[in-house]
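Good morning, and thank you for coming.

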Amino acid sequence: MGILKEFKEFAIKGNMVDIAVGVIVGAAFNRVIDVLVKQVITPPLSLLTDGIQFSDRKIVLREAIQADASSTSKVIEEVAIAYGALIEALIDFFIIGFTIFIVVKLMNRFRAKAQDPKNKKVSTPKDIELLSNMNDLIKEQNELLKKSIK
């Protein structure tokens, strides 16, 4: 019964809901980044490479041997090092990483504006507003203490 009780607490505390929301938002964010990279960023970059397909680049170690129609020999497949696929994956990684960096940077900028207690255009959450007020009061008290000591 201990496991059921722990699971109930886990589900009720919101951890399960937080995980579900994270997975759903992550999937949607993945779709946005995928479209942004493949449909917006990659096409102009493909102009720079003049239509080169990196995935086709490889070093052939052994050529493929095709069997004749009259022969009973097996077909031997090509053995190759497909370094182009690695180059393509690395380029995709850097593009996606940079895109996510820019998106997160913009989101952090918006969050900083939202949490700035002096910005009157955006409503500040109550906890940040209270902490800001406490900080101002502490500064005032410190100034009063400094004046009384002198």
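**Chain, helix and patch**

Residues 24 or more positions apart make up 39% of the contacts in the protein chain with a separation of 6 or more, a contact being heavy atoms within 4.5 Å. This is a predicted model, in which local features need pLDDT of at least 70 and side-chain atom pairs count only at pLDDT 80 or more, while totals for chains, interfaces and linings use all residues. Residues are numbered from 1 along each chain as its sequence is written, and side-chain values use heavy atoms, with hydrogens and water left out.

From the N terminus, the elements run α-α-β-β-α-α; helices (H or I, at least four residues) and strands (E, at least two) are DSSP runs, numbered from the N terminus. Of the 150 residues, 6% count as buried, where buried means under 20% relative accessible area, exposed over 50%, and partly exposed in between (1.4 Å probe, protein chains only).

Let me turn to α1. Among its twelve residues, the count of buried ones is zero.

Phe10 has its place in helix α1 and is partly exposed, with a relative accessible area of 30%. Together with Phe7, Met16, Ile19 and Val23, Phe10 forms a nonpolar patch on the surface. α2 (15-49) provides the largest share of that patch, three residues.

Terms used:
Patches are made of residues with over 30% relative accessible area and no salt bridge: like charges are joined within 9 Å, nonpolar side chains (Val, Leu, Ile, Met, Phe, Trp, Tyr) within 5 Å. Accessible areas come from the Shrake-Rupley method with a 1.4 Å probe; for residues, only the protein chains shown count as cover. A salt bridge is a side-chain nitrogen of Lys or Arg within 4 Å of a carboxyl oxygen of Asp or Glu.
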